[in-house]
Amino acid sequence: MNFTLHLTEACNMNCAYCTREKRAVRMSEEVLDAACDLAFAEGSRAGLCFFGGEPLLERGLIQRAVSRCADLSRKTRKPVQYRMTTNGTLLDDEFLALALRENIEIGLSFDGTAQDIARHYADGRGTMAVLEAKAKALLRVQPHCYAMMTIAPQAAGKTAESVKYLYQLGFRRITMTPAYGFRVSWDDSTLALLMQQLREIAAFWSACILQGDAFYFSPLDAKIRECITGSQPAERCHLGFRQMPVTPDGKIYACTQFIGDADYCLGDVFRGLDREKQRELARRDAAPDSCRECALRPRCTNSCGCLNRLETGDERRVSPMQCSYERALIELADAAADRLYAAAPQRFAKRYQ
């Protein structure tokens, strides 16, 4: 089973778009141990994602989890996979050595040259200079790690510059999403600016691919792959199945934005999962009513319950901003795919086969 362990609700940063409440709450060793045991209880493999707050505030818990899972893996003969999402400010050589030894895949939340616009320490200081040094150290250990950008409206004009900066720094896998939630406010002008920036990124991305670089940029690559293969979006809602969050008190929820909602609590690490609740979620029709007749529905993230709740407060209601962004992004991705295919059909086919 796959669990996202919310090791702490504390964070050493105060990002302008973050919607999580920061509290001095941490996961106990008892809860951590039970979560590791449950991850190995079913299925052919176990998966843990270390999350927060900022998970590196509790690196002792990460080390404990890795040690316990090593024992469980030997006993059960099941492999285990680790991931971590971090703001990067607390990365050091000791932890990077652990990540290399235990194969902990690290996703670095880094907004590139837009970093200091929205991502600050708790005392208001910028983090750009620190993150550049930490990113270089991370890339030396994990050259294929992800840079994870979140673009706030006030930083929209730096999106292309930020992607190019991260690429030049050495990142070849970059994810990007607009900031959502009650702490941001997109309007027509900032969304139009973001799309203009994405068109510039599309030209840069195409040029990199044509010169033979293995460059993955999620907004374009995901939409193109889904169109070609007919697969559902990677962001398609998997409430209660794909990656269930475990809170510091040991409760298991369907997804991150549903933490604290009793209707979406699927049990706890001590008693296990409520399978009937899981089945109820699997049977539900996740598509919002307003999207049923839309031709783009199969390629859109409209059914992401977490995102919908974050934006509108309702799992089944898509925000106007999200709808506009998805429509524009699909059109942009298709145009980029057409140009890339026309320029290098064999390379295009190999990339997306």
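In this predicted model, the axes of α6 and α7 come within 8 Å and cross at roughly 30°. Angles under 35 degrees count as roughly parallel, so α6 runs roughly parallel to α7. On the α6 side, the contact is made by Thr159, Ala160, Glu161, Val163, Lys164 and Tyr167. They meet Leu194, Gln197, Glu200, Ile201, Phe204 and Cys208 in α7. By class, the residues of this contact divide into seven nonpolar, two polar and three charged.

Helix α7, residues 188-210, also packs against α12, residues 345-352. Here the angle is about 100°, and the axes lie 11 Å apart. That makes α7 roughly perpendicular to α12. Trp205, Ile209 and Leu210 are the α7 residues in this contact. Their partners in α12 are Arg347, Arg351 and Tyr352. The contact of α7 with α12 has four nonpolar residues, two charged ones and no polar ones.

Arg351 leads on to another helix. Its side chain forms a salt bridge with Asp221, with the closest N and O atoms 3.0 Å apart. Arg351 lies in α12 and Asp221 in α8, residues 218-229, so the pair ties together parts that are 130 residues apart in sequence. Is Asp221 buried or exposed? Its relative accessibility is 3%, so Asp221 counts as buried.

Lys223 and Glu326 meet in a salt bridge, 2.7 Å from N to O. Glu326 lies in α11, residues 320-343, and Lys223 in α8, so this pair ties together parts 103 residues apart in sequence. Glu326 is buried, with a relative accessible area of 5%. Lys223 counts as buried too, at 4% relative accessibility.

Asp334 is another residue of α11. At 26% relative accessibility, Asp334 counts as partly exposed. Asp334 and Cys227 are 107 residues apart in sequence, yet their C-alpha atoms are 8.6 Å apart in space.

Now the wider set of charged pairs. Side chains of opposite charge can pair when their charged atoms come close. The salt-bridge count for the model comes to 21. One of these joins Glu9 to Arg23, with the closest N and O atoms 2.6 Å apart. Both Glu9 and Arg23 sit in the loop between β1 (2-6) and α1 (29-39), 14 residues apart. Arg23 counts as partly exposed, because its relative accessibility is 39%. Which residues do salt bridges with shared partners join into one network? They are Glu29, Asp33, Asp37, Arg64 and Arg68.

Last comes α5, residues 128-141. This helix has 14 residues and reaches 20 Å from its first C-alpha to its last. That is close to the 20 Å expected at 1.5 Å a residue. Which residues of α5 are buried? They are Met128, Leu131, Ala135, Ala137, Leu138 and Leu139. What covers these buried residues includes three helices, α3 (93-102), α4 (115-118) and α6 (159-169). The strand β4 (104-109) is also part of that cover.

Technical notes. Residues are numbered from 1 along each chain as its sequence is written. This is a predicted model: local features need pLDDT of at least 70, side-chain atom pairs count only at pLDDT 80 or more; totals for chains, interfaces and linings use all residues. Side-chain values use heavy atoms; hydrogens and water are left out. Helices (H or I, at least four residues) and strands (E, at least two) are DSSP runs, numbered from the N terminus. The expected span of a helix is 1.5 Å times one less than its number of residues. Buried means under 20% relative accessible area, exposed over 50%, partly exposed in between (1.4 Å probe, protein chains only). Contact means heavy atoms within 4.5 Å. Axes are lines fitted to C-alpha atoms, for helices over the stretch in contact, and angles run from 0 to 180 degrees between N-to-C directions. Angles under 35 degrees count as roughly parallel, over 145 as roughly antiparallel, 65 to 115 as roughly perpendicular and the rest as oblique. Ala, Val, Leu, Ile, Met, Phe, Trp, Tyr, Cys and Pro count as nonpolar, Asp, Glu, Lys and Arg as charged, and the others, Gly among them, as polar. A salt bridge is a side-chain nitrogen of Lys or Arg within 4 Å of a carboxyl oxygen of Asp or Glu.
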